[in-house]
Amino acid sequence: MKLLLAYCPLFLSTLVASHSFLAGSLGQKPLVDLSVPGDNPLEFCSDPSGFILTINHVDLEPNPPKKGQALQIKAKGNFTEEIEQDAYINLSVKYGLITLVNTKADLCEQMKEVDETCPLRGVKDFTKEVTLPKEIPPGKYTVLADVYTKYDEKITCLKAQVQF
């Protein structure tokens, strides 16, 4: 009898735990695929369903990028709200554990590089070619671009890892 009393709480706790596990697994949402559509190493930082920018695709040629070669970037997305002046990008670039760049940049100034101007709204489709320097040291680079409106509303957040 003492043995039964000793094992009863263990048995009940196991039963409760297994019930919670089964019930929880039935009610859980599936994991969100954070991959950015297209041929690229990009991922969203979190579930993009609430972001102002819906990215249709980003294609890199070549993918992965190669040092000393031209990199062509083709992208298409839809701004579901108007993006005004003073929107910004928090940009971080790391080489291994070393932070190379940690800056806040003006989104509208950066968009001029692809012949776009603020305000940004609706569908945008662009192609840009850049030549990567041959002198890029070998190693793993991590890039994080967190983009906000002037009112600190999330436009998008992207991250990537590239090995040279």
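Asn 90 stands opposite Asp 146 in strand E7. That pairing belongs to a predicted model. Strand E4 (residues 88–95) and strand E7 (residues 140–148) run antiparallel and are joined by eight bridges. Both strands sit in an open sheet of five strands.

**The sheet**
- Strands of a sheet pair through backbone hydrogen bonds, either parallel or antiparallel.
- Here the pairing is antiparallel, and the strand order is E1-E8-E7-E4-E5.
- Strand E1 (42–44) and strand E5 (98–106) stand at the edges. Each has a single partner strand, so one side of each is left without a neighbour in the sheet.
- From one strand to the next, the twist averages 15 degrees.

**Strand E4 and its partners**
- On the E7 side, Lys 94 has Thr 142 as its bridge partner.
- On the E5 side, eight bridges join E4 and E5 in the antiparallel sense.
- Val 93 stands opposite Val 101 in E5.
- E4 and E5 form a hairpin with two residues between the strands. In this hairpin, Gly 96 takes a positive phi near 65 degrees.

**Aromatic rings**
- The model has four aromatic pairs.
- How are the rings of Tyr 141 and Phe 164 placed? Their centres are 5.6 Å apart and their planes stand at 80 degrees. Planes over 60 degrees apart count as edge-to-face, so this pair is edge-to-face.
- The pair links distant parts of the chain, 23 residues apart. Tyr 141 lies in strand E7, and Phe 164 lies in the segment after strand E8 (154–163).
- Is Tyr 141 buried or exposed? Tyr 141 has a relative accessible area of 10%. Buried means under 20%, so Tyr 141 is buried.
- Phe 164 has 23% relative accessibility, so Phe 164 counts as partly exposed.
- Tyr 141 and Phe 164 form one aromatic cluster with Tyr 95.

**A charge over a ring**
- Lys 104 places its charged end over the ring of Tyr 88. The distance to the ring centre is 4.2 Å.

**The largest pocket**
- Rolling a probe the size of a water molecule over the atoms shows where empty space is left.
- The largest pocket holds about 1,400 Å³ of space.
- How many residues line the largest pocket? The lining has 41 residues. Leu 42, Ile 73, Phe 126, Ala 145 and Leu 158 lie nearest the pocket's centre.

Terms used. Residues numbered from 1 in each chain as written. Predicted model: local features only at pLDDT ≥ 70, side-chain atom pairs only at ≥ 80, totals over all residues. Heavy atoms only, no water. Pairing = 2+ DSSP bridges. Helix = DSSP H or I, 4+ residues; strand = E, 2+ residues; numbered from the N terminus. Axes fitted to C-alpha atoms, helices over the stretch in contact; angles between N-to-C directions. Phe/Tyr/Trp six-rings, centres within 6.5 Å; stacked < 30°, edge-to-face > 60°. Buried < 20%, exposed > 50% of the residue type's maximum accessible area, 1.4 Å probe, protein only. Lys NZ or Arg CZ within 6 Å of the ring centre and 35° of its normal. 1 Å grid on protein atoms, 1.4 Å probe; cavity = no way out; pocket = protein on both sides within 12 Å on 5 of 7 lines; lining within 4 Å. Points joined across faces, edges and corners; volume = space filled by probe spheres on them.
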